[in-house]
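Please examine the structure shown below.

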Amino acid sequence: MAIPVRKFVDGKHGQIHLRVAHPTQTNRLPLACLHMSPKSGRIFAKFMEQASNDRIVIAHDYPGFGESDPPPAVPPVSIEDYAQSLWEAVDALNLECIDIVGYHTGSEVAAEAAHQRPDQVGSIVMISAPVFSSDELRQMEETFKHIPLDMEGTRFRKMWENVVHHRGPGTGLESMAMSFAENLRAGENYEWGHRAAFEYAGRFPDIVAGLSHRITVLVPGDELAEYSPRIGPYLTNGTIIDHQEWGHGFLDAHTEAAVAAVKLALD
């Protein structure tokens, strides 16, 4: 077990902030953790401590999230950009082949990263891997559209209501407050990750189908549980495992179980 340390490396859009946990000895591939939107690598901090007993574990913030510098507004940032930022971090750390775990948006980033550099990826774990119909995608885009700032604090009220509504079993107020704070750190970029994810969603199943890597999809009981099993026919070398006992916040509330499930899938 190792306490993650924080550092910055240079990327295409400025500095990339990341957390790195180094074990005293390692006999496994490094594990890269890819966050959901609009969060940052911080959501993996507790997970990293326990997962790093036998491997290096890293978690970077996508450009515009956490403490990473934002990309320009035009052209819109994409999942391809987020995957490229992972490889910029990996290269800066002089890592070669890596395993990947991606959460929601991070599942798309994981697939794209493996698509960009297939020979540098071992196994992949996706926490949710949704496949949407065109109507469902339009509804998602409406649900997660940007809310302008106003004096009434409408954006912040709705953000907090969503954090409370989507909390998983065992997730306490402190964990919810931290999740809410991560939303705020993205500023006016806070929905850029969702926008990128929805733009990529139509390509996602075919990208997954083109990967020969071992892919394990863990399906928590959250808002994507209905859509994730649809990825099954696209998995050429993978499996889907149900974890309805988990919800948002499970990386903190059920850290031991999360680490065990991810390591079982990787090893």
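Q: In what sense do strand 5 and strand 6 (residues 121–127) pair, and over how many bridges?
A: Helices (H or I, at least four residues) and strands (E, at least two) are DSSP runs, numbered from the N terminus, and two strands pair if DSSP finds at least two bridges between them. In strand 6, V125 is the bridge partner of V101. Strand 5 and strand 6 pair in the parallel sense, over five bridges.

Q: On what kind of model and numbering do these answers rest?
A: Residues are numbered from 1 along each chain as its sequence is written, and side-chain values use heavy atoms, with hydrogens and water left out. Local features need pLDDT of at least 70, side-chain atom pairs count only at pLDDT 80 or more, and totals for chains, interfaces and linings use all residues, for this is a predicted model.

Q: Which residue of strand 5 is the bridge partner of L34?
A: Strand 3 (residues 31–34) also pairs with strand 5 in the parallel sense, over four bridges. In strand 5, the partner of L34 is G102.

Q: How many of the six residues of strand 5 (residues 98–103) are buried?
A: Buried means under 20% relative accessible area, exposed over 50%, and partly exposed in between (1.4 Å probe, protein chains only). I98, I100 and G102 point one way, D99, V101 and Y103 point the other way, and all are buried. The number buried in strand 5 is therefore six of six.

Q: What is the order of the strands in the open sheet?
A: The sheet has eight strands with mixed pairing. Its edges are strand 1 (5–11) and strand 8 (238–243), each of which pairs on one side only. The order is 1-2-4-3-5-6-7-8.

Q: What angle does the direction of helix 10 (residues 255–266) make with that of strand 6?
A: Helix 10 packs on the sheet and touches strand 3, strand 5, strand 6, strand 7 (215–220) and strand 8; contact means heavy atoms within 4.5 Å. Axes are lines fitted to C-alpha atoms, for helices over the stretch in contact, and angles run from 0 to 180 degrees between N-to-C directions. The angle is about 140°.

Q: Why do the buried residues of helix 4 (residues 134–143) lie on the same side?
A: The buried residues of helix 4 are E136, L137 and M140. An α-helix has 3.6 residues a turn, so residues three or four places apart point the same way. The arc is that of the directions from the helix axis to the C-beta atoms. The three residues lie on the same side of helix 4 because they cover an arc of only 100°.
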